[in-house]
Amino acid sequence: MEAPALFIRFKDNLEIILGALNSKLEVRSMPYNTSIPLEVDLLAGILRIHGLHFTSETVGASRLQDFYQWFLQNEEQVADVMHRVMEDKKAYIKTDQGTVLQKEMLYRRLEYFKETAHTLDVMMRQQQLKSPKHFQYPFLLNQ
């Protein structure tokens with residue numbers, strides 16, 4: 001999927017993820033409490049370079065709710081920044097792993113949220129269809 005299409009679906013993807021995380025869907029065995037706040041922070045780092053400041057001390061996947069609220073208040077500015085980053089083929093960002101293109105960094109963040117939304121959407125549909133569980137997790141059986 002091309003980067004502009006990823007951005008067009010970004011808000012929808014955030015809503016799908018939040019809907020799944022706020023549902024009865026069992027995600028404790030999934031890495032989202034670790035990966036979502038990391039991805040939100042990486043995305044916020046790109047936006048910070050261009051003057052948009054998002055910060056949250058919320059732990060775990062709940063940080064996405066804070067980001068979503070902030071995003072809704074700053075949607076036009078975020079869209080403008082993302083558009084400028086996508087158009088700039090020479091802007092770099094220093095990371096712990098080295099120097100990478102801002103465009104590539106943004107593209108990977110948008111891709112992450114797309115894939116996460118897709119995975120959680122599939123899991124929600126399977127739950128709604130009452131699909132059998134594929135694995136028996138011992139810590140889930142004590143409920």
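**Figure 1. Lys 90 in the loop between H5 and strand E1.** In this predicted model, Lys 90 is found in the loop that links H5 to strand E1, the latter spanning 92–95. With a relative accessible area of 69%, Lys 90 is exposed, since the cut-off for that class is over 50%. Although Lys 90 and Lys 103 are 13 residues apart along the chain, their C-alpha atoms are separated by 8.5 Å. Lys 103 belongs to the part of H6 that meets H5, and this contact is the subject of the next view.

**Figure 2. The contact of H5 with H6.** The axes of the two helices come within 8 Å and cross at roughly 125°, and that angle makes H5 oblique to H6. The crossing in which H5 passes H6 is left-handed. On the H5 side the contact is formed by Met 82, Val 85 and Met 86, which meet Gln 102, Lys 103, Leu 106 and Leu 110 of H6. Divided by class, the residues of this contact are 5 nonpolar, 1 polar and 1 charged.

**Figure 3. Met 86 in helix H5.** Met 86, which lies in helix H5, has a relative accessible area of 13% and is therefore buried, the limit for that class being under 20%. Between Met 86 and Lys 103 there are 17 residues of separation along the chain, while their C-alpha atoms are separated by 5.2 Å. Lys 103 is also the residue whose C-alpha atom is 8.5 Å from that of Lys 90, so that the views of Met 86 and Lys 90 can be read together with reference to Lys 103.

**Figure 4. The contact of H2 with H6.** H2 and H6 pack at an angle of about 45°, with their axes 8 Å apart, and this angle makes H2 oblique to H6. Their crossing is left-handed. From H2, the residues Phe 10, Asn 13, Leu 14, Ile 16, Ile 17 and Ala 20 take part, and they meet Leu 110, Phe 113, Lys 114, Thr 116, Ala 117, Leu 120, Asp 121 and Met 124 of H6. The residues of this contact comprise 10 nonpolar, 2 polar and 2 charged. Leu 110 of H6 is named in this contact with H2 and is likewise named in the contact of H6 with H5.

**Figure 5. Asn 13 in helix H2.** Asn 13 lies in helix H2 and, at 5% relative accessibility, counts as buried. When residues up to four places away in sequence are not counted, Asn 13 touches Phe 113, Lys 114 and Ala 117, each of which is listed among the H6 residues that meet H2.

**Figure 6. The contact of H3 with H4.** The axes of H3 and H4 come within 9 Å and cross at roughly 30°, an angle that makes H3 roughly parallel to H4. Ile 36, Pro 37, Val 40, Asp 41, Leu 43 and Leu 47 of H3 meet Arg 63, Leu 64, Phe 67 and Trp 70 of H4. The residues of this contact are 8 nonpolar and 2 charged, with no polar residues.

**Figure 7. Phe 67 and the largest nonpolar core.** The largest nonpolar core holds 39 residues, of which Phe 10, Phe 67 and Phe 113 touch the most other members. At least two residues of this core are supplied by each of helix H2 (10–21), helix H3 (32–49), helix H4 (63–73), helix H5 (75–87) and helix H6 (102–128), and the largest share, 10 residues, comes from H6. Leaving aside neighbours within four places in sequence, Phe 67 is in contact with Phe 10, Leu 14, Val 40, Leu 43, Leu 47 and Phe 54.

**Figure 8. Leu 72 in helix H4.** The place of Leu 72 is in helix H4, where Leu 72 is partly exposed, with a relative accessible area of 35%. Leu 72 and Lys 11 are 61 residues apart in sequence, yet the distance between them from C-alpha to C-alpha is 8.8 Å.

**Figure 9. The chain as the setting of the close-up views.** The chain has 6 helices and 2 strands, and from the N terminus on these elements run α-α-α-α-α-β-β-α. Of the 143 residues in the chain, 38% are buried. Among contacts between residues at least 6 apart in sequence, 70% join residues at least 24 apart.

Definitions and conventions: Residues are numbered from 1 along each chain as its sequence is written. This is a predicted model: local features need pLDDT of at least 70, side-chain atom pairs count only at pLDDT 80 or more; totals for chains, interfaces and linings use all residues. Side-chain values use heavy atoms; hydrogens and water are left out. A nonpolar core is a set of buried Ala, Val, Leu, Ile, Met, Phe, Trp, Tyr and Cys residues joined through side-chain atoms within 4.5 Å. Buried means under 20% relative accessible area, exposed over 50%, partly exposed in between (1.4 Å probe, protein chains only). Helices (H or I, at least four residues) and strands (E, at least two) are DSSP runs, numbered from the N terminus. Contact means heavy atoms within 4.5 Å. Axes are lines fitted to C-alpha atoms, for helices over the stretch in contact, and angles run from 0 to 180 degrees between N-to-C directions. Angles under 35 degrees count as roughly parallel, over 145 as roughly antiparallel, 65 to 115 as roughly perpendicular and the rest as oblique. A crossing is left-handed if the near helix is turned anticlockwise from the far one by less than a right angle, and right-handed if clockwise. Ala, Val, Leu, Ile, Met, Phe, Trp, Tyr, Cys and Pro count as nonpolar, Asp, Glu, Lys and Arg as charged, and the others, Gly among them, as polar.
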